Amino acid sequence: MASEIAIDHREKALALLKADADKITKLIQVQMDNLTMPQCPLYEEVLDTQMFGLSREIDFAVRLNLIDEREGKVILDTLEREMSALHEAFTKK
């Protein structure tokens, strides 16, 4: 019973972290679609703040043993690649 609860908490934690990552992905996609970074430095600041917040959430979940450190790293690495693609797309514009 206790292990079922732990598994449920882990699944919920991972689902919540992925949902937050999806929100950031949507922000990145909007930026990619519009490529307005220089006109809107606030948007880049929001992305950076969201990424920092998510990294803190992931760190907290890892420390509680709700997710594996590798799972958290995969989430962050994926978002960082998307942000790099955004910067690359803008510089090519």
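These are my notebook entries on what I looked up in this structure.

**Entry 1: the overall picture**

I began by reminding myself that this is a predicted model. I then looked up the secondary structure, and the protein chain comes to 3 helices and 0 strands. Read from the N terminus on, the elements run α-α-α. The chain has 93 residues, and buried residues make up 25% of them.

I also looked up the surface. The accessible surface of the protein chain comes to about 6500 Å², and 59% of that belongs to carbon and sulfur atoms.

Next I checked how far apart in sequence the contacting residues are. I took the contacts between residues at least 6 apart in sequence, and 72% of these join residues at least 24 apart.

**Entry 2: the core**

Which residues touch the most other members of the largest nonpolar core? I found that they are Leu-54, Ile-58 and Ile-67, in a core of 19 residues. Helix H1 (2-34), helix H2 (41-63) and helix H3 (69-92) each supply at least two residues of this core. The largest share comes from H2, with 7 residues. My general note here is that in soluble globular proteins, nonpolar side chains tend to be buried together.

**Entry 3: salt bridges**

How many salt bridges does the structure hold? I found 6, and I wrote down some of them.

I started with Arg-56, which forms a salt bridge with Asp-59. The closest N and O atoms of this pair are 3.1 Å apart. Both residues lie in helix H2, 3 residues apart, which is about one turn of the helix.

My next pair was Arg-70 and Asp-68, whose side chains meet in a salt bridge at 2.8 Å, N to O. Arg-70 is exposed, with a relative accessible area of 63%, whereas Asp-68 counts as partly exposed at 32%.

Then I looked up Lys-73 and Asp-77, where the salt bridge is 3.6 Å, N to O. These two are separated by about one helical turn, because they are 4 residues apart in helix H3. Lys-73 is exposed, with a relative accessible area of 51%, and Asp-77 is partly exposed, with 25%.

I finished this entry with a network: salt bridges that share partners join Arg-56, Asp-59 and Arg-63 into one.

Where is Asn-65 placed? I found Asn-65 in the loop between H2 and H3. Asn-65 has a positive phi of about 60°, although it is not a glycine. I noted this one down because most residues other than glycine have a negative phi. Asn-65 is also exposed, with a relative accessible area of 51%.

Conventions:
Residues are numbered from 1 along each chain as its sequence is written. This is a predicted model: local features need pLDDT of at least 70, side-chain atom pairs count only at pLDDT 80 or more; totals for chains, interfaces and linings use all residues. Side-chain values use heavy atoms; hydrogens and water are left out. A nonpolar core is a set of buried Ala, Val, Leu, Ile, Met, Phe, Trp, Tyr and Cys residues joined through side-chain atoms within 4.5 Å. Buried means under 20% relative accessible area, exposed over 50%, partly exposed in between (1.4 Å probe, protein chains only). A salt bridge is a side-chain nitrogen of Lys or Arg within 4 Å of a carboxyl oxygen of Asp or Glu. Contact means heavy atoms within 4.5 Å. Accessible areas come from the Shrake-Rupley method with a 1.4 Å probe; for residues, only the protein chains shown count as cover.
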